[in-house]
Amino acid sequence: MSEPVSAPSPDAPPPVFRARQALLKRLADVVSLPGSRVNAFERAVTGDLLVEMLRLAAPRERQRVAERLAPLAELPNSLARMLLRDEVAVAGLLIEQCASLTDADLAACARDTGTEHRLLMARRRGLSEIVTETLIAFGEERVVEAVLRNTTARLSQPGIEAVVSLSRQVPALCSPLLRRTELRPSGAYVMFWWCGAEDRRTILQRFAVSREVMQEVVEDVFAMAAAEGWQDPVSRKALQFIERRQRNRAAIEKSPYASLEQAIGVAATDGLSPELASEIAYLSGIKPLTGAKILGDTGGEPLAILCKATGLARLDLQNLWRSMRRPETLADGSVHPDWERVQVTYEMLAVDRAQTVLRYWNWSLSSALSPALLRAIREGDDDALDEYSAPERAAMMALAENFGR
């Protein structure tokens, strides 16, 4: 009587079938043949057979096939779909090397796999806007940062805005985002509120643009609007953004203070009350909501921007700083780092550029607000972002934390 065949040990290496290895290699060779040797239908059928074999093949066998197919300029779709969803060691070969993958292939792979696949994809050369939008949508810090650092990747404006919003929770994204050429001033100005000191400096150096060209081309329009009694709200709002004068003359006439400087001097002596803060905002030509955001900023740089934009002197900046009871020196008598940084910010900015930043803040944080937008901010309705203008979207992001989001 013959001895029974014992079951293989679970620790034993998998059996090596030379015929399988040869068949996988030959079929991969057929798929790799040029169009002059094999037509599209033959290539597709061969690819289907190869897929069926690879479903039962060992990881190392699938990896060999992926290595063979990665350089191809044309790859059967069924084969690409399967290998892209394989483990990272297999899929990565195609993600990193295969030039024949379409945007649809990559976007589907991003949706159907995990973070490691998406991280490899984020580093792939020449990513299109469709693929980067798909990767960004997952909100994974490592993946988004890799996309931002990929200088060959292209980002759409919706993609950039999504990263701007994400950077509020992930400040590490601010620095690589500021290096992207696709970032526009509207995004940079709203990022300013949650960026660190160095990134804020970068924003002011790169994005605090002049309005000189706009002022030159619309110089005669001011007279037209005045002749019409400033009745058109559309042109009035735009001209208010462009004009050179920052302070509100009408507010000064109604104010109990003779000037903005006097109001700030009183605040330095008596302290900054909510009423006095609103008065300073009105005199500065901004809305109280914008003023509150500026005065409540922990870094202090917005104060320097406010003072430079309104033509206030360094002494007025110091008085405003003191009105908020902010420290000017450390225990050893040296200048406090926050106060030093605010002074540097004041000195580095030209008046016109400071006005651009201040007016965009005022535009987005107050003038752009509507009941519908306020409701969207309170409810966290980010899905409705496309319905709003750039200033309205900026307001949603900048004011979200003020509404407990």
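**Exercise 1. Find which helix holds Val-131, and decide whether this residue is buried or exposed.**

Solution. Val-131 belongs to helix α8, which spans residues 129–136; helices here are DSSP runs of H or I with at least four residues, while strands are runs of E with at least two, numbered from the N terminus. The structure is a predicted model, in which local features need pLDDT of at least 70, side-chain atom pairs count only at pLDDT 80 or more, and totals for chains, interfaces and linings use all residues. Residues are numbered from 1 along each chain as its sequence is written, and side-chain values use heavy atoms, with hydrogens and water left out.

Next, Val-131 has a relative accessible area of 1% and therefore counts as buried, where buried means under 20% relative accessible area, exposed over 50%, and partly exposed in between, with a 1.4 Å probe and protein chains only. Leaving aside neighbours within four places in sequence, Val-131 is in contact with Asp-103, Leu-106 and Met-121, contact meaning heavy atoms within 4.5 Å. Finally, the C-alpha atoms of Val-131 and Ala-107 are separated by 5.5 Å, although the two residues are 24 apart along the chain.

**Exercise 2. Work out which residues of helix α13 are buried, and why they line one face.**

Solution. Begin with the buried residues of α13 (residues 197–207), which are Asp-199, Arg-200, Ile-203, Leu-204 and Phe-207. Seen down the helix axis, these buried residues fall within an arc of 140 degrees, so they line one face of α13; the arc is that of the directions from the helix axis to the C-beta atoms. An α-helix has 3.6 residues a turn, so residues three or four places apart point the same way. On the face turned away from the buried side, α13 carries the exposed residues Glu-198 and Gln-205.
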